[in-house]
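Please read them with the structure open beside you.

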Amino acid sequence: MNRKTAVVTGATAGLGRALARRLVEHGYNVTIVGRDERRTAQVADELARSARGDQDGVQISRHLADLVRQEEVRALADVLADAGVGIDVLINNAGAAFDSFATTPDGAERTYALNHHAPLLLTHELLANGSLSGDARIVNMSSFLEKRARLVVADPDVVGTSWGDRRYSQTQVYATSKLLALVAAAETARRAPGAIKVYNADPGMVRTGFTSNAGGPMRLTAPLFRLWSISIEQGIQTPLWLATADEPPEPNGGFFARSHPAAPSARALDPALAREVYQRTTAFLGIPPL
């Protein structure tokens with residue numbers, strides 16, 4: 001039996017862990033990526049146990065990477081290439097909302113590095129080394145909060161260092177990183193070769209440990225948001241559908257919520273902004289545009 005292969009980043013908790021489990025149930029060989037060795041091993045063992053029975057023969061593998069650092073994103077891409085198995089689904093799920101300004105060793109604000117740079121860099125590295133299958137689906141976890149982004153369209157800061165010179169707002173930094181990722185993914189979809197698809201999935205306001213683990217204002221407001229939040233199982237339906245639907249959903253490069261195309265902010269639909277963000281980000285990352 002020729003099984004498809006899926007890679008899920010940020011798979012040790014919450015949405016990523018649930019997505020990995022459901023992909024196993026769908027018969028995919030699954031590779032999980034985490035940054036904590038103990039938790040990554042624990043989830044891999046759980047998935048291996050769940051694969052026994054109806055999905056006997058499903059292969060589970062795991063890799064460690066701190067995707068805030070560009071060198072570790074590139075190293076992950078090399079390891080995945082060395083496995084020699086075509087990747088049919090890449091779910092860029094890892095994300096964070098840091099509660100204070102700090103830069104990475106690469107010179108980027110941390111939230112931007114993880115939410116915007118890492119998905120774009122990993123996608124491009126896997127395209128460059130031939131790890132993605134010809135009809136692969138790339139699903140980036142997006143957010144309805146992109147509508148609260150603070151971005152100067154005429155001169156977008158794609159690195160995030162401008163937040164060091166103004167009041168650092170955890171919510172606005174997170175929202176802006178998600179808008180940048182969204183428009184960069186749309187431009188990647190336009191340029192991607194062959195039948196490769198790139199999607200943005202909004203899981204909705206999900207009851208996970210994300211807001212409380214984030215610290216800062218998000219931690220303080222987490223109890224209020226729980227009143228309107230949905231379960232993890234409800235939250236994974238859109239990215240799972242994008243990854244596994246028999247026919248690739250349309251539009252390529254689109255923004256999806258509740259398993260349907262959805263309307264993002266007007267800025268997210270601006271093709272000139274998408275091109276500018278894509279070009280500036282690939283230049284910062286040192287990767288050739290597609």
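This is a predicted model: local features need pLDDT of at least 70, side-chain atom pairs count only at pLDDT 80 or more; totals for chains, interfaces and linings use all residues.

The points below go from the overall build to single residues.

1. The chain has 10 helices and eight strands. Its radius of gyration is 18 Å, close to the 19 Å that the globule rule gives for 290 residues, so the chain is as compact as a globular protein of that length. Along the principal axes, the C-alpha atoms fill a box of roughly 55 × 45 × 35 Å.

2. Of the 290 residues in the chain, 53% are buried. The accessible surface comes to about 12,800 Å², and carbon and sulfur atoms account for 49% of it. Among contacts in the chain with a separation of 6 or more, 78% are between residues 24 or more positions apart.

3. The sheet. The eight strands form an open sheet with mixed pairing, in the order E3-E2-E1-E4-E5-E6-E7-E8. Its edge strands are E3 (60-64) and E8 (260-261), each of which pairs on one side only. As background, strands of a sheet pair through backbone hydrogen bonds, either parallel or antiparallel.

4. Strand E1. Which strands does E1 pair with in the parallel sense? One is E4 (residues 87-92), joined to E1 (residues 5-9) by three bridges; here Val7 has Leu90 as its bridge partner. The other is E2, paired with E1 over five bridges, and there Thr5 stands opposite Asn29.

5. Is E1 enclosed or open to the outside? Five of the five residues of E1 are buried, so the strand is largely enclosed by the rest of the structure. In a regular strand the side chains alternate between the two faces of the sheet. Both faces of E1 are covered, with Thr5, Val7 and Thr9 buried on one side and Ala6 and Val8 buried on the other.

6. Helices on the sheet. Helix H2 (residues 37-51) lies across strands E2 (29-34) and E3, and runs at about 170 degrees to E3. Helix H3 (residues 70-82) lies across E1, E2, E3 and E4, at about 155 degrees to E3.

7. The largest core. The largest nonpolar core has 51 residues, and Leu67, Leu76, Leu122, Leu126, Leu132 and Val277 have the most contacts inside it. At least two residues of this core come from each of H3, E4, H4 (110-128), E5 (132-141), H5 (170-191) and H10 (271-285). H4 gives the largest share, nine residues. Leaving out residues up to four places away in sequence, Leu126 touches Ala77, Leu80, Ile87, Leu90, Ser131 and Leu132. Leu90 is also the residue in E4 that bridges to Val7.

8. The second core. A separate core of 29 residues includes Ala18, Leu23, Val43 and Met141. In soluble globular proteins, nonpolar side chains tend to be buried together.

9. Val43. Val43 is in helix H2. Its relative accessibility is 2%, under the 20% limit, so Val43 counts as buried. Apart from neighbours within four places in sequence, Val43 is in contact with Ala11, Thr12, Arg17 and Ile32. Asn200 is 157 residues from Val43 along the chain, and their C-alpha atoms are separated by 25 Å.

10. Asn140. Asn140 lies in strand E5. What is in contact with Asn140, once its neighbours within four places in sequence are left aside? The residues are Asn92, Pro119, Ala185, Val198, Tyr199, Asn200 and Ala201. Asn140 counts as buried because its relative accessibility is 10%, against a limit of 20%.

11. The cis peptide. Glu250 and Pro251 are joined by a cis peptide bond, with omega about 10 degrees. Pro251 is placed in the loop between helix H9 (237-244) and strand E7 (255-257).

12. Positive phi angles. Arg258 has a positive phi of about 50 degrees although it is not a glycine. Ser259, not a glycine either, has a positive phi of about 60 degrees. Arg258 lies in the loop between E7 and E8, and Ser259 is in the loop between E7 and E8 as well. Is Arg258 buried or exposed? At 77% relative accessibility, Arg258 counts as exposed, whereas Ser259 is partly exposed, with a relative accessible area of 22%.

How values were computed: Residues are numbered from 1 along each chain as its sequence is written. Side-chain values use heavy atoms; hydrogens and water are left out. Two strands pair if DSSP finds at least two bridges between them. Helices (H or I, at least four residues) and strands (E, at least two) are DSSP runs, numbered from the N terminus. Contact means heavy atoms within 4.5 Å. Axes are lines fitted to C-alpha atoms, for helices over the stretch in contact, and angles run from 0 to 180 degrees between N-to-C directions. A nonpolar core is a set of buried Ala, Val, Leu, Ile, Met, Phe, Trp, Tyr and Cys residues joined through side-chain atoms within 4.5 Å. Buried means under 20% relative accessible area, exposed over 50%, partly exposed in between (1.4 Å probe, protein chains only). The radius of gyration is taken over C-alpha atoms; the globule rule is 2.2 Å times the number of residues to the power 0.38. Accessible areas come from the Shrake-Rupley method with a 1.4 Å probe; for residues, only the protein chains shown count as cover.
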